Amino acid sequence: MAGLVVDCHAHNITKAIYPRELFVGRFTLPRFMVNGLCDAIEDGLDMCLPLRLAWKFLPGKLQRFENLIRLYLGTMEDQARALHAAALSAGVGQVWVLGLDIPDVGNYGPVSLAKNLQAQLAVLEALPGMTGGVLVPFYPFDPRRDGAAVSAIARMSGGRFRGVKMYSALGFNVEAVGDPKAAWSRNMCEAFEAFEAEGWPVVVHCSGGGIRGPEVHEGDMKWLSSPERWRPVFKRFPKLRVCFAHGTGEAGFLTLPNPKPNSWAWHLRDLMLRYEGVYADVSFHSGMVESPGKYRMRFEKVLSDAVRRRILFGSDAPLCFGEYSYKHLISAARESVPGLDTVLASNARDFLGV
Ligand SMILES: [Zn+2]
């Protein structure tokens with residue numbers, strides 16, 4: 001039976017919690033243009049002349065970029081309200097908003113990320129009340145922070161958050177689970193023990209791209225993000241529920257039924273078949289919008305395979321907003337993702353444990 005779509009992967013990112021240099025680096029537009037747009041909008045100016053000219057030639061795209069930049073430069077509450085409105089108009093019943101805790105090492109200019117973490121948590125935990133339960137917050141769990149396990153468990157038990165988001169490319173290797181020499185690994189064990197016992201879900205960034213921690217070498221990012229790093233975690237916590245976000249990317253994800261040996265998809269599939277709590281989300285694959293027929297055919301193979309109950313849908317909003325509006329993305333996904341509002345929505349509920 002058809003129901004509402006569950007979007008398992010979205011963000012709330014403003015300049016208070018996501019440094020401008022990282023934000024600007026995400027665009028396909030040249031950096032000087034994005035910086036120019038940011039400056040102009042921050043200064044309350046209308047667009048400068050070169051941008052107006054560029055606008056003439058790229059109208060749709062620049063308008064979308066401007067909207068995304070305005071969301072980024074606005075308040076966390078405004079961004080949440082925009083996402084809520086977009087979800088309602090696109091017929092999406094629930095959107096999971098994944099928190100982000102980027103380590104503050106003082107090299108991101110004037111932004112104090114550590115200070116703003118508390119503000120972010122306050123906004124995140126207010127989301128269900130603000131949006132009638134449509135936006136569902138995930139706590140940003142970085143096991144390296146002092147008291148990280150205690151805070152994550154407290155916020156989960158209080159019902160304020162529905163799961164945690166982890167981002168190992170920010171600089172930690174989860175293989176250190178149980179290593180007495182890594183003090184922070186105690187936080188990981190303590191949290192995973194509680195999460196496994198309570199059935200609370202963990203979403204982990206799993207892609208060669210995205211944000212890398214300030215002390216992480218570019219070449220190590222992919223290694224830190226690989227599903228393979230999680231094998232010792234599942235040996236120790238075999239029932240832990242973990243969603244590998246981005247599902248190793250478009251090419252890798254769609255090969256899940258028959259992956260290349262030793263590829264990320266191969267490890268992911270192996271983990272899915274061995275452990276009951278292993279999931280992957282498809283946030284966000286451009287093929288869903290750009291070549292819906294082809295994407296649908298390949299996706300049908302994933303859904304007729306043994307891993308079909310482990311697949312979740314995600315939009316990566318608002319990061320996709322430079323390319324597509326939310327409504328456009330969801331209506332394209334209705335065509336290109338079979339089971340979007342049936343089996344995938346039901347997988348999302350299983351993962352959440354409701
Ligand atoms: Zn994301």
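User: How do you know that the span of helix 8 agrees with its 15 residues?

Analyst: This is a predicted model, so every value here is computed from it. Helix 8 covers residues 184-198. At 1.5 Å a residue, its 15 residues should span 21 Å. The end C-alpha atoms are 22 Å apart, which agrees.

User: Which residues of helix 8 are buried, and what makes them line one face?

Analyst: The buried residues are Ser185, Asn187, Met188, Ala191, Phe192 and Phe195. Seen down the axis of helix 8, they fall within an arc of 140°, so they line one face. The general rule: an α-helix has 3.6 residues a turn, so residues three or four places apart point the same way.

User: What do the buried residues of helix 8 pack against?

Analyst: They pack against helix 7 (148-157), strand 5 (201-205) and helix 10 (231-236).

User: Why are helix 7 and helix 8 called roughly parallel?

Analyst: Their axes cross at roughly 20° and come within 8 Å. Angles under 35 degrees count as roughly parallel. Helix 7 and helix 8 are therefore roughly parallel to each other. The contact is made by Ala148, Ala149, Ala152 and Ile153 of helix 7, with Asn187, Glu190, Ala191 and Ala194 of helix 8. The crossing of the two helices is right-handed.

User: Why does leucine 240 count as buried?

Analyst: The cut-off is 20 or more other C-beta atoms within 10 Å. Leucine 240 has 23 such neighbours, so it counts as buried. Leucine 240 sits in the loop between helix 10 and strand 6 (241-245).

User: Which residues is leucine 240 in contact with, leaving aside its neighbours within four places in sequence?

Analyst: Leucine 240 is in contact with Phe192, Phe195, Glu196, Val202, Val233, Phe234 and Gly277. Phe192 and Phe195 are also among the buried residues of helix 8.

User: How do you know that the span of helix 5 agrees with its number of residues?

Analyst: Helix 5 has 15 residues, 76-90. At 1.5 Å a residue, they should span 21 Å. The end C-alpha atoms are 21 Å apart, which agrees.

User: Which residues of helix 5 are buried, and what puts them on the same side?

Analyst: Met76, Gln79, Ala80, Leu83, Ala86, Ala87 and Ala90 are buried. They cover an arc of only 125° around the axis, which puts them on the same side of helix 5.

Terms used:
Residues numbered from 1 in each chain as written. Predicted model: local features only at pLDDT ≥ 70, side-chain atom pairs only at ≥ 80, totals over all residues. Helix = DSSP H or I, 4+ residues; strand = E, 2+ residues; numbered from the N terminus. Expected span 1.5 Å × (residues − 1). Buried ≥ 20, exposed ≤ 12 C-beta atoms within 10 Å, placed from the backbone. Arc of directions from axis to C-beta. Contact = placed C-beta atoms within 7 Å. Axes fitted to C-alpha atoms, helices over the stretch in contact; angles between N-to-C directions. Parallel < 35°, antiparallel > 145°, perpendicular 65-115°, else oblique. Left-handed = near helix turned anticlockwise from the far one by under 90°.
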